[in-house]
Amino acid sequence: MKDSVVDWVSQQTPESHDWIEYMLEGTHGKSGTGIPAEMSQHTLGVLDHLSVGVLSVDVAFKMLKDANRLAGVQADDHPKVGKDGKGQFNMYDPDGIRLELMNFHATEKPCCSAFTAEDPTE
């Protein structure tokens, strides 16, 4: 997540609305390959995540909060906008793996390159 280093690549799969994000972390460890031994469980959970697309992260967050579904859950305090310009909200399972709710559509200009495929609608 450094502007001067390519350490995150996002690609849309052919003929679908599925995305794969590559979180490139192996070159930062002492050995230079694989997962650095000194990486914390939290950082590993942030990198090793899954994302669920939604029409509105703000609406989904409000529904979860109003229904008291976030009580006792490790999660962000509020939705935010990621470097890709899309709204997101992060929650973590007991092992620290991140579940990210993400808007289908970018609301701000992406940091690095524009999206070239159509956004999903559902």
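Predicted model: local features only at pLDDT ≥ 70, side-chain atom pairs only at ≥ 80, totals over all residues.
Residues are numbered from 1 along each chain as its sequence is written, and side-chain values use heavy atoms, with hydrogens and water left out.

Let me begin with the layout. The protein has two helices and seven strands, where helices (H or I, at least four residues) and strands (E, at least two) are DSSP runs numbered from the N terminus. Read from the N terminus on, the order of these elements is β-β-α-β-α-β-β-β-β. Of the 122 residues, 28% are buried; here buried means under 20% relative accessible area, exposed means over 50%, and partly exposed lies in between, with a 1.4 Å probe and protein chains only. The accessible surface comes to about 8300 Å², and 55% of that belongs to carbon and sulfur atoms, the areas coming from the Shrake-Rupley method with a 1.4 Å probe, where for residues only the protein chains shown count as cover.

Which residues make up the largest nonpolar core? There are eight in all, namely V54, V57, A60, F61, L70, F89, M91 and L101, and by a nonpolar core I mean a set of buried Ala, Val, Leu, Ile, Met, Phe, Trp, Tyr and Cys residues joined through side-chain atoms within 4.5 Å.

Leaving aside neighbours within four places in sequence, V57 is in contact (heavy atoms within 4.5 Å) with residues including P79, F89, L101 and N103. N103 is found in strand β7 (residues 98-106) and is buried, with a relative accessible area of 12%. A polar atom of the N103 side chain lies 2.6 Å from the backbone nitrogen of V57.

A second residue of this kind is D84, placed in the loop between β5 (80-81) and β6, which counts as buried at 8% relative accessibility. Its side chain reaches the backbone nitrogen of K86 at 3.0 Å.

Turning to charges, side chains of opposite charge can pair when their charged atoms come close. How many salt bridges does a search of the whole structure find? It finds three, a salt bridge being a side-chain nitrogen of Lys or Arg within 4 Å of a carboxyl oxygen of Asp or Glu. D66 pairs with K62, their closest N and O atoms being 2.5 Å apart; because these residues are four apart in helix α2, they are separated by about one helical turn. D76 pairs with K80 at 3.8 Å between the closest N and O atoms, D76 being buried at 18% relative accessibility and K80 partly exposed at 38%. E100 pairs with R98 at 3.2 Å, and both of these residues are buried.

V6, I20, Y22 and L24 make a nonpolar surface patch of about 350 Å²; patches are made of residues with over 30% relative accessible area and no salt bridge, with like charges joined within 9 Å and nonpolar side chains (Val, Leu, Ile, Met, Phe, Trp, Tyr) within 5 Å. V6 itself lies in the segment before β1 (8-12) and is exposed, at 66% relative accessibility.

Methods: Polar contact = N/O pair within 3.5 Å; in protein donor to acceptor, adjacent residues only side chain to side chain.
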